Amino acid sequence: MDGEKDCRRQKGAQGSSHQAHSNASNSLSVSGEEADWEDALSTEKHGDLGDMTFCMANYVKEAMKMMFMMRTHHMLTDVILEVGTELFHAHKVILAAASPYFKAMFTGGLKECEMTRVKLQGVCPTAMARLMYFMYTGEIRVTEITVCSLLSAATMFQVTNVIDACCVFLERQLDPTNAIGIANFAEQHSCQDLYHKANQFIVQHFNQICQEEEFLQLSAIQLVSLVRKDELNVQEEREVYNAVLKWVKYNEEARRPKMEHILHAVRCQYLTPNFLREQMKNCDVLKKVPACREYLAQIFKDLTLHKKPVVKERTPNTPRVIYIAGGFLKHSLDVLEGYNADDKSWTQHAKLIVPRSGLGGAFLKGMFYAVGGRNNSPGSRYDSDWVDRYNPVTDQWRPCSPMSVPRNRVGVAVMDGLLYAVGGSAGAEYHNSVECYDPDQDTWTSVKPMHIKRLGVGVAVVNRLLYAIGGFDGKERLSSVECYHPENDEWTMVSTMKCSRSGAGVASLGQYIYVIGGYDGNSQLNSVERYDTERDVWEYVSNVSIARSALSVTVLDGKLYAMGGYDGATFLNIVEIYDPVKDQWIQGVPMTSGRSGHASAVSYYQCPMHCDHLDHNITLERPPS
């Protein structure tokens with residue numbers, strides 16, 4: 001039914017008229033000293049050997065070396081630069097050639113044209129000495145101690161090569177402790193590329209940046225500009241809220257009046273109701289700013305009424321990867337593969353601790369969770385209550401607390417920062433039970449069971465409502481759909497699908513929930529229907545090319561990816577991509593092998609190392625249950 005991988009120059013002479021030249025060339029080539037000389041130049045022939053141009057490769061370097069020696073001994077120098085208490089003898093022509101500033105000073109009709117001693121302001125002697133050395137040699141040494149004064153001096157004298165060198169140096173020094181300072185310094189000196197890269201670093205490492213003193217020294221305008229960025233790389237909006245609160249508390253009396261304006265830059269619609277309730281009740285800063293409490297109270301109300309957010313989720317500029325775990329191909333699989341949507345390639349990652357098919361998967365706070373399933377391997381067959389968490393940064397799996405019961409072909413979704421496991425089966429026992437996992441506490445809690453037992457159920461979340469769609473109750477394939485309200489811990493029935501199905505691929509996109517393929521009790525399906533959560537109406541959309549069940553569906557860049565599955569005879573590696581705007585399916589890059597019953601989820605985020613706190617009290621191994 002739902003079935004379970006990189007020349008050498010040639011010399012010569014033509015005719016007797018060129019024989020002497022040929023002999024001379026041959027005799028040159030056997031002299032070691034002359035050979036070295038010959039290697040130091042290149043030649044350009046103009047028609048024949050009677051016209052040749054020689055280019056001495058080291059001439060400029062040697063000439064500048066001599067000029068530097070002459071400057072050191074004050075030979076033919078025609079200007080003295082006075083920098084603080086230091087005097088620098090130099091040649092105006094060298095200074096003018098290296099710096100537009102000095103060219104304008106000595107050739108632009110200014111009084112300095114006739115002066116033999118010029119006093120410079122705004123530059124330190126050490127930086128001037130290094131710049132002077134560069135002008136004569138083309139070499140510059142940059143250190144952490146000198147880079148700031150050197151960049152300022154190079155900017156003043158418009159020595160672009162040194163500016164570039166300093167920017168490269170600072171870029172390589174970027175760190176959470178200095179990134180904001182480097183960005184500000186780059187902006188002051190109009191180093192646009194460095195400014196852009198420093199800001200990229202800041203948004204990519206926001207969680208570390210906001211722990212540093214530089215963050216607390218930001219102005220209100222700078223803070224608002226930062227937290228408004230769509231590409232801010234955070235796991236959840238609570239991290240942004242907490243960073244803002246920390247900034248306010250750093251100088252509360254002066255900053256509290258600005259909090260309301262700043263809070264509007266935080267995407268509070270993506271905070272959970274429980275977090276908002278706790279903040280409104282216990283946060284001392286909020287108690288002193290009634291307007292902020294009222295603002296958060298309105299958001300709390302909108303969330304509990306399941307209104308559509310008026311702001312969009314953040315979209316960090318990080319690698320976008322679809323992870324696929326487990327599945328079935330002759331036996332249960334332990335593979336974990338990632339599809340990079342930017343370079344369109346599949347990559348192998350650390351294997352599951354235990355092979356599993358029929359499992360559920362989801363990303364939560366930067367971690368990929370593999371939930372339940374069945375180990376259907378030679379000599380080992382059992383339904384599993386196992387829950388394992390994968391860290392993409394360390395490429396490691398860690399076991400989490402198990403569920404209360406084994407759940408094969410379980411539905412998994414994330415809502416309010418919790419992981420929900422819906423339905424499934426343990427052997428012949430079909431579940432209507434539902435439980436949710438708190439990753440911070442590593443604990444599972446049961447919630448109200450569904451009205452109907454569901455194996456191979458599809459689940460999705462829209463506006464903080466959890467939908468359980470279709471499945472198999474042990475007797476028949478289901479078209480019924482239930483909706484879970486977390487506020488009152490209740491399930492309600494909503495409009496049924498047009499077609500009964502289990503093992504379908506299910507995912508939400510905007511206000512719609514898409515249900516793809518599946519098995520109706522007689523055959524695999526290619527039909528696709530979607531549920532409009534706002535109108536409580538089901539409608540058909542374009543079919544997939546191959547009828548299949550036990551496929552996996554996920555959303556990336558506003559499109560649906562339908563991956564793998566079983567067509568009744570073959571385990572498929574096909575990937576089809578649906579564009580809802582065009583109502584059209586196209587072929588994607590296939591998986592590395594066919595499989596069914598696998599789990600998938602998308603990671604938009606780079607998980608920061610501080611996620612390791614989630615691994616508290618967790619061991620690497622434990623016997624399977």
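This is a predicted model: local features need pLDDT of at least 70, side-chain atom pairs count only at pLDDT 80 or more; totals for chains, interfaces and linings use all residues.
Student: Why is helix 7 called roughly antiparallel to helix 8?

Tutor: The axes of helix 7 (residues 147–157) and helix 8 (residues 160–172) cross at roughly 150°. Angles over 145 degrees count as roughly antiparallel, so helix 7 is roughly antiparallel to helix 8. The axes come within 9 Å, and the crossing is left-handed.

Student: Which residues make the contact between helix 7 and helix 8?

Tutor: Helix 7 contributes Val-147, Leu-150, Leu-151, Ala-154 and Thr-155. From helix 8 come Val-162, Ile-163, Cys-166, Phe-169 and Leu-170.

Student: How do you know that the span of helix 3 is close to the expected one?

Tutor: Helix 3 (residues 59–72) has 14 residues. The expected span is 1.5 Å times one less than the number of residues, which for helix 3 is given as 20 Å. After helix 3 comes His-74, with a positive phi near 55°.

Student: What makes strand 27 and strand 30 edge strands?

Tutor: Four strands form an open, antiparallel sheet in the order 27-28-29-30. Strand 27 (505–509) and strand 30 (537–541) each pair on one side only. From one strand to the next, the twist averages 25°.

Student: How do you know that strand 29 and strand 30 pair?

Tutor: Pairing needs at least two bridges. Strand 29 (residues 528–532) and strand 30 have five bridges, in the antiparallel sense, so they count as paired. Val-528 stands opposite Val-541 in strand 30.

Definitions and conventions: Residues are numbered from 1 along each chain as its sequence is written. Side-chain values use heavy atoms; hydrogens and water are left out. Helices (H or I, at least four residues) and strands (E, at least two) are DSSP runs, numbered from the N terminus. Axes are lines fitted to C-alpha atoms, for helices over the stretch in contact, and angles run from 0 to 180 degrees between N-to-C directions. Angles under 35 degrees count as roughly parallel, over 145 as roughly antiparallel, 65 to 115 as roughly perpendicular and the rest as oblique. A crossing is left-handed if the near helix is turned anticlockwise from the far one by less than a right angle, and right-handed if clockwise. Contact means heavy atoms within 4.5 Å.
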